[in-house]
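Open the model in your viewer and keep the selection tool at hand. Each stop below says what to select and what is there.

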Amino acid sequence: MEIRHDKGIRGQFYVGDAGDRRALLDYFVTTSGDMNITHTEVKEELAGQGVGKELVTAAIEYARSEGMKVIPTCPFAEKVIAKTAEDRKSTRLNSSHTDIS
């Protein structure tokens, strides 16, 4: 499954075509240069296949490559990140927005 990325101040990682996005993760870059993950969505046909987790992982990898911290205000992204110690190192969790690295 190919994950695509529309970069920008308001960016998106997605699966599918530009006109038919079957799974997506929305984010924006904050004024301090961090990535705020705001929303993930997976259509029913891909549910339960780990696609949402793959989108979160792709976003984290991109943020790391760009030197950004990740702020997951999306509850799903926060849960995925909270389960992975390595990801928590480059993340500020939603509940307190404090750096946990």
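**Ground rules**

This is a predicted model: local features need pLDDT of at least 70, side-chain atom pairs count only at pLDDT 80 or more, and totals for chains, interfaces and linings use all residues. Residues are numbered from 1 along each chain as its sequence is written, and side-chain values use heavy atoms, with hydrogens and water left out.

**Stop 1: the whole chain**

Colour by secondary structure. The chain has three helices and five strands; helices (H or I, at least four residues) and strands (E, at least two) are DSSP runs, numbered from the N terminus. Along the sequence the pattern reads β-β-β-β-α-β-α-α.

Now show the surface. Its accessible area is about 5,700 Å², and 47% of that belongs to carbon and sulfur atoms. Areas come from the Shrake-Rupley method with a 1.4 Å probe; for residues, only the protein chains shown count as cover. Of the 101 residues, 40% count as buried. Buried means under 20% relative accessible area, exposed over 50%, partly exposed in between (1.4 Å probe, protein chains only).

**Stop 2: the sheet**

Select the five strands. They form an open sheet in the order β1-β2-β3-β4-β5, with mixed pairing. The edge strands are β1 (4-6) and β5 (70-72), each pairing on one side only. Two strands pair if DSSP finds at least two bridges between them. From one strand to the next, the twist averages 25°.

Zoom in on β4 and β5. They pair in the parallel sense, over three bridges. Axes are lines fitted to C-alpha atoms, for helices over the stretch in contact, and angles run from 0 to 180 degrees between N-to-C directions.

**Stop 3: helix α1**

Select residues 51-65. This is α1, with 15 residues. It reaches 21 Å from its first C-alpha to its last, close to the expected 21 Å. The expected span is 1.5 Å times one less than the number of residues. Buried positions here are V51, G52, L55, V56, A58, A59, I60, Y62 and A63. Step just past the helix to G67, which takes a positive phi of about 75°.

**Stop 4: the core**

Select F13, L25, M35, I37, L55 and V56. These have the most contacts inside the largest nonpolar core, a set of 22 residues. Such a core is a set of buried Ala, Val, Leu, Ile, Met, Phe, Trp, Tyr and Cys residues joined through side-chain atoms within 4.5 Å. β2 (10-17), β3 (20-29), β4, α1 and α2 (75-82) each supply at least two of its residues. α1 gives the most, with eight.

Centre on V56. Beyond its neighbours within four places in sequence, V56 is in contact (heavy atoms within 4.5 Å) with L25, T40, F76, A77, V80 and I81.

**Stop 5**

Select N36, in strand β4 (residues 35-42). Is N36 buried or exposed? N36 counts as buried because its relative accessibility is 8%. Its bridge partner in β5 is I71. Leaving aside neighbours within four places, N36 is in contact with D26, Y27, F28, T30, I71 and T73.

Finish at E2, in the segment before β1. E2 is exposed, with a relative accessible area of 53%. Not counting residues up to four places away, E2 touches Y14 and V15. The C-alpha atoms of E2 and G16 are separated by 7.9 Å, at 14 residues apart along the chain.
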